[in-house]
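Here's a quick briefing on a ligand site and the protein around it. Have a look at the model first, then go through the notes.

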Amino acid sequence: MCGIIGYTGNNEAAERIIYGLKKLEYRGYDSAGIAVADSGKIKRVRSAGKLENLVKKLKGGSIPGTTGIGHTRWATHGKPSDENAHPHTDCTGMITLIHNGIIENYYEIREELKKKGHKFSSETDTEVFAHLIEEKISMGIEKAVADALKRIRGMYAMVILYSKEPGKIIAARQGSPLVLGIGKGENYIASDVPSFLKFTDKALFLEDGDVAVVTKEKVSVTNGGKNVQRAVRDIKWTAKQAEKAGYPHFMLKEINEEPQSFEDTILGRFDELKGRIEFESVDDKKLAKIERIKIVACGTSYHAAYAAKYLVEKYSGVSVEVEVASEIRYANPVVDKKTLLVAVSQSGETIDTIEAFKNLKTKAGYSLAIVNVVGSTLSRMLDGVIYTHAGPEIGVAATKTFISQLAVLYLFALHMGKIKGVLKAKDVRRGIRNLRKVPGLIRLILKDREKIAKIAGKYKKNRDFLYYGRNINYPMALEGALKLKEISYIHAEGYAAGEMKHGPIALVDDKVPNVFIAPQGKVYEKLISNIQEIKARSGTIIAVTNKSNKEMKKFAEDVIYIPDIDEDYYPLLAAIPMQLLAYYIGVKKGIDVDKPRNLAKSVTVE
Ligand code: M6R
């Protein structure tokens with residue numbers, strides 16, 4: 001949460017920072033601010049609300065200088081206001097900094113500093129850090145920062161400017177992401193790569209405990225006071241991928257990229273003739289010894305993991321538990337050397353998932369991360385990593401990365417099935433054939449998207465929705481409901497349809513649409529019974545079913561058709577209308593679907 005960007009070089013820092021903040025706005029958009037060092041002074045401009053407010057404030061007033069820092073905020077301590085917007089300063093205005101994370105002991109430090117005469121001008125936890133540095137600034141900025149870091153507990157990504165050393169940015173990381181962009185005669189420090197990708201594709205990811213000193217010529221990193229070397233990686237994403245390319249929203253662009261993301265994720269990972277799956281950095285010998293699997297994730301990634309449970313158990317006979325990261329972190333899960341732990345995360349920076357793995361990793365026989373962002377914390381933390389190759393996802397709602405996670409998890413289920421001797425080469429071949437069909441079939445659904453837009457128009461005023469699915473389509477019901485909540489602010493719940501008579505049927509009336517994911521297959525008749533039970537009580541049905549199902553229109557007010565495929569593969573298609581329905585309802589309600597209120601793309605505080 002929160003986006004940080006720092007720049008030092010020969011160009012106007014403000015320009016580069018505003019450019020970077022535009023790319024980082026998906027991380028938080030409660031307020032924004034910038035500070036630039038020039039001629040022994042630091043000029044700071046801040047504004048509540050979205051970045052455009054800051055840009056308006058800057059218009060006309062120049063903010064010269066070639067070293068600076070900028071921030072787009074997702075509020076933790078203190079409401080979104082000009083005063084609480086970052087950067088924050090000490091009493092002298094010479095030390096100016098930005099912080100992403102939470103300083104847990106800020107209150108006690110603040111009280112202590114107040115007694116020493118420090119004056120605070122915001123309600124944030126961050127401000128204490130500037131004052132802590134001020135206390136020790138006679139030691140020099142680097143030592144003062146090191147000293148201040150010893151005083152705080154919690155999580156942080158910090159960037160700090162000191163007016164007496166105007167070409168320098170000091171950065172520190174503990175728990176919240178920070179990545180350096182290494183340019184020619186200029187360097188960047190940011191929360192995420194797209195903010196500087198237009199200018200350099202060389203990235204250096206900081207580790208927890210790292211402190212970096214960044215000037216335009218040089219970057220040096222220490223950890224625990226000792227110099228450390230961190231690898232510089234080439235980033236394969238292009239800056240163009242992170243643009244809207246003519247679409248009204250990133251979300252729609254990203255949904256339309258799903259066929260490509262899916263293809264990019266599966267290609268190169270199978271040998272169809274031999275009926276074999278191959279993952280680049282996975283140890284198959286370790287997988288062969290596994291007797292249990294625990295998958296840990298949050299939000300949409302959790303729903304992808306949940307679908308995988310059905311498949312992996314069916315294809316390999318290995319028992320799979322799926323856990324919400326924030327819950328398992330404080331529970332006492334049974335993990336042993338026969339257990340495979342899998343983290344699923346788009347960003348690879350979700351704090352709940354990272355923290356859960358810190359405790360569990362050493363107990364497990366083997367651990368794998370399924371991650372989209374190359375070089376992210378989770379991708380570096382576990383024994384193996386499988387990248388989802390979806391490319392950058394800017395819309396706050398996960399769409400194409402969900403499809404790519406499912407792609408990896410389907411491949412993984414087939415792979416596990418083969419390793420455990422449950423699936424034969426011919427079974428895996430059939431699976432691969434299905435997966436290869438998916439991008440083309442998603443394209444067909446996308447072609448017909450206007451029909452979904454029309455249905456969205458009909459239901460945009462409803463205040464509650466229920467989503468139902470059974471078996472492997474149940475997680476798609478959960479995901480459909482989550483997408484609708486996030487993007488349209490409509491209350492929605494996802495249920496296993498078999499649970500309907502255990503409670504939610506009490507909600508049936510003419511005001512709550514019931515979305516059924518009901519392609520034909522082994523549980524289809526059960527779903528039809530559920531639909532009939534709702535109809536008998538005058539409820540409204542929106543059904544997602546397969547194209548060759550001719551009877552559904554008898555039962556449902558609205559039917560969304562997806563192409564026919566082997567029944568295990570329907571989630572890969574059913575997910576698309578779920579996303580489109582939420583998207584169009586959100587847009588028709590006038591919501592900024594790329595930046596829905598209160599959300600941030602990556603949740604880096606607990
Ligand atoms: O980066 P991660 O996949 O770990 O993020 C997990 C969730 O925060 C994320 O999926 C969230 O639920 C999205 N807003 C879903 O659209």
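A pocket here is worked out on a 1 Å grid over the protein atoms alone: it is an open set of points with protein on both sides within 12 Å along at least five of seven lines, where a 1.4 Å probe fits. A molecule sits in a pocket if more than half of its atoms lie within 2 Å of the pocket's grid points. With that in hand, the space the ligand takes up is the largest pocket. This is a predicted model, with local features needing pLDDT of at least 70 and side-chain atom pairs counting only at pLDDT 80 or more, while totals for chains, interfaces and linings use all residues. Residues are numbered from 1 along each chain as its sequence is written, and side-chain values use heavy atoms, leaving out hydrogens and water.

**Around the ligand**
- The ligand is surrounded by 13 residues (a heavy atom within 4 Å), and Ser301, Ser345, Ser347, Thr350 and Glu486 are the closest.
- By class, that shell has 4 nonpolar, 7 polar and 2 charged residues, where Asp, Glu, Lys and Arg count as charged and Gly is among the polar ones.
- Helices α9 (299-316) and α16 (474-488) each put at least two residues into the shell; helices are DSSP runs of H or I with at least four residues, and strands are E runs of at least two.
- α9 gives the most, with 3 residues.

**Polar contacts** (pairs of N or O atoms within 3.5 Å)
- Threonine 350 has a polar side-chain atom 2.5 Å from a ligand oxygen.
- For serine 301, a side-chain N or O atom is 2.6 Å from an oxygen of the ligand.
- Lysine 483 places a polar side-chain atom 2.9 Å from a ligand oxygen.
- The protein covers 92% of the 410 Å² of accessible area that the ligand has on its own (Shrake-Rupley method, 1.4 Å probe).

**Domains**
- An automatic or database assignment gives the domain bounds: domain 1 (3-243), domain 2 (265-445) and domain 3 (455-588).
- Domain 1 and domain 3 have C-alpha centres 45 Å apart.

- The histidine 86 to proline 87 peptide bond is cis, with omega near 0°, and proline 87 lies in the loop between β4 (67-73) and β5 (88-89).
- Serine 39 is not a glycine, yet has a positive phi of about 45°; serine 39 is in the loop between β2 (31-38) and β3 (41-48).

Technical notes
Polar contact = N/O pair within 3.5 Å; in protein donor to acceptor, adjacent residues only side chain to side chain. 1 Å grid on protein atoms, 1.4 Å probe; cavity = no way out; pocket = protein on both sides within 12 Å on 5 of 7 lines; lining within 4 Å.
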